[in-house]
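User: I have a model open and would like to go through some of its side-chain arrangements. Could you take me through them?

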Amino acid sequence: MADTAVRPQESDRVPQAAPTAATGAARPDAPRIDIDLVTDKLLGTWADVRRTAREMIKDPAFWREDGLSHHDHRERVFQQLKKLVAHNSIARAFPEEYGGESNNGGNLASFEELVFADPSLQIKAGVQWGLFTSAIYQLGTKKHWDKWLRGSIELDIPGAFAMTETGHGSDVASIGTTATYDPETEEFVIHTPFRGAWKDYLGNAAVHGRAATVFAQLITNGVNYGVHCFFVPIRDDNGFLPGIGGEDDGVKGGLNGIDNGRLHFDHVRVPRENLLNRYGDVAADGSYTSPIASPGRRFFTMLGALVQGRVSLDGSATNASALALNIAVTYGNQRRQFAGATGTETVLLDYGKHQRRLLPLIATTYAQAFAHDELLQKFHGVFGGETDTEQNREDLETLAAALKPLSTWNALDTIQEAREACGGAGFLGENRLVSLHQDLDVYVTFEGDNNVLLQLVGKRLLADYGKQFKGKDTKEIAAFVVGQTAGKVFHGAGLRQLGQAVGDMGQVARSVERGLRAKDQHELLADRVQQMVADVAGRLRNASKLGPEAAAALFNENQVELLEAARAHGELLQWEAFTDIVASIEDPGTKEVLGWLRDLFGLSVIEKHLAWYLIHGRLSGQRASAVTRYIDRLCLRLRPHAQDLVDAFGHAPEHVRAPIASGAERARQDEAAAHYAALLASGEAPAKEKKPAQR
């Protein structure tokens, strides 16, 4: 219904000014945001690339078409891939020699925008160019690029990325598929030894793929050198090639425009040169060499070369959240329900609960967008070579593993809340929220299950914590431990609570004023990360003295808290990114409103973890109560800016495509109001039934 998807006019909006404390009415002198300025900040470093992508997908040929069978949806998406090639929108990350621009950050920025067209298109494109083609580029060498890269870029070689197995998902190191070298023929023999080793959930595997980048255990001269990647042809015009079989995964919970399927191999032979050998090679005689001596580091380096999937999902999930909020807020600003004190029905967004359910989600989505741009900058520097060091690669992997879980989980929460906030209208397929939730569901488990990713972050936090002790003598370590113990006693004994209660003098307003400003938010968020890591590290201190089973059991006992520490670390990173953006803005009104929005994000995170802050003595009961009250005040203060804040996401009507966010609801409300006004003016309005007075 693109013809009805018009942007709300200025007259459709509520007054854009902050309310007074007493009445909630708009103050004429209140600040307003510069929408264009905020849009630039949200679009980030590659704003121009994002705008180009958004202009491209205004074409209805790129849009999801509801009601198709999954077979027809797959074919529509495959044709859309060809249109992306025709628009030259997918080769930015690759070298100019092969038709690219060597623009890694811009490539992902453009890719993330496809979620507005159809998430199936985005992920299908990600399989073809972000996984299959990137594996050739990142794990192969020039001989592989010359042979297959241009064909993969131009879609002459549709491909699958065959890493995940039915029996092993996130645990890639344990996959069962083998690639055994035969020196007599100078070939690798790719084999699936049991059912659990079938490659599974692979986009392009069921129908369209002609080749696959297959991850397998490399075995040569009787030695298993771990997981490596191989280019393996799988189909021609007549179907599967000899020795290759597979199945269609069929209908899924979402993303049904992608032909996910399974592959298995029965002693399939490929030339020795089909080993993508940037990080490990096999000579004609079967001898193995690698520029990375450590098997563990080699394995993680190979996987790290493919980190862009996690980076792009962080941005894509943020875009999906922004779209859902645009729909829900626009509808909430027009839809009226229940007569208020004046007798006129009340706009949904004027209800306190409606503000509480949507405005903190806007704040979170802003925080995600700003943190994602920093992640994208780091990715661009590492993959473009400007800042490609081992330390920066490790930092990039940790940052992606910290942010992707938060944004993908939040996307599901945000889309669901937006759906409920739109009532029955939100459940209609035409308004996109239901299908968006279905399609985004799998984002939390592919490219790394979120909990597994957070465990990687937690281990990095523990490692960094342990580095504090390197090179220190026994006396220094003892002093540090005493300090930690003193800290725990201080907080656990409630002395911090007592100090706060006395300082606040029993007044909630004073508690807010003194304890919930930006510096206090940062201290609370950072302190939680530090304390949680220190507590887990303390409990794991003796793990090295235990046997393997006992050490594993001890780690398992502390796994949940370690994951929470990692999640807290990601939230801190988002808050800091938001704060940096606020500091960079010169326009006074924009700076003030985004400062409120940043506070709303920070305090919402603190409110979510209030139990921890109370248990550990970081907040008094009085100040904890003030957190919730101040959030309510911030929501009231931000309510007049809600439409501007979602308009700043920069969506055109062609990106939204939801009738309830098109102005149609405003037209219905105006029609109803005109009807009742005319009826009243005519003198023919029926009298209301008078009820007897209650005794």
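User: What lies over the face of Trp-198?
Analyst: Arg-195 does, at 4.0 Å from the ring centre. A charge counts as over a ring if NZ of Lys or CZ of Arg is within 6 Å of the ring centre and within 35 degrees of the ring normal. Arg-393 likewise lies over the face of Phe-383, at 5.1 Å from the ring centre.

User: What should I know about the model itself?
Analyst: This is a predicted model, in which local features need pLDDT of at least 70 and side-chain atom pairs count only at pLDDT 80 or more, while totals for chains, interfaces and linings use all residues. Residues are numbered from 1 along each chain as its sequence is written, and side-chain values use heavy atoms, leaving out hydrogens and water.

User: How many aromatic pairs are there?
Analyst: The count is 17, where rings of Phe, Tyr and Trp (its six-membered ring) pair if their centres lie within 6.5 Å; planes under 30 degrees apart are stacked, over 60 edge-to-face, and the rest tilted.

User: Why is the pair of Trp-148 and Phe-231 called stacked?
Analyst: Because the ring centres are 3.8 Å apart and the planes are at 10 degrees. The pair links distant parts of the chain, with Trp-148 in helix α6 (residues 142-153) and Phe-231 in strand β6 (residues 223-233), 83 residues apart. Helices (H or I, at least four residues) and strands (E, at least two) are DSSP runs numbered from the N terminus.

User: And which rings form a cluster?
Analyst: Ring pairs join Phe-94, Tyr-98, Tyr-137 and Trp-145.
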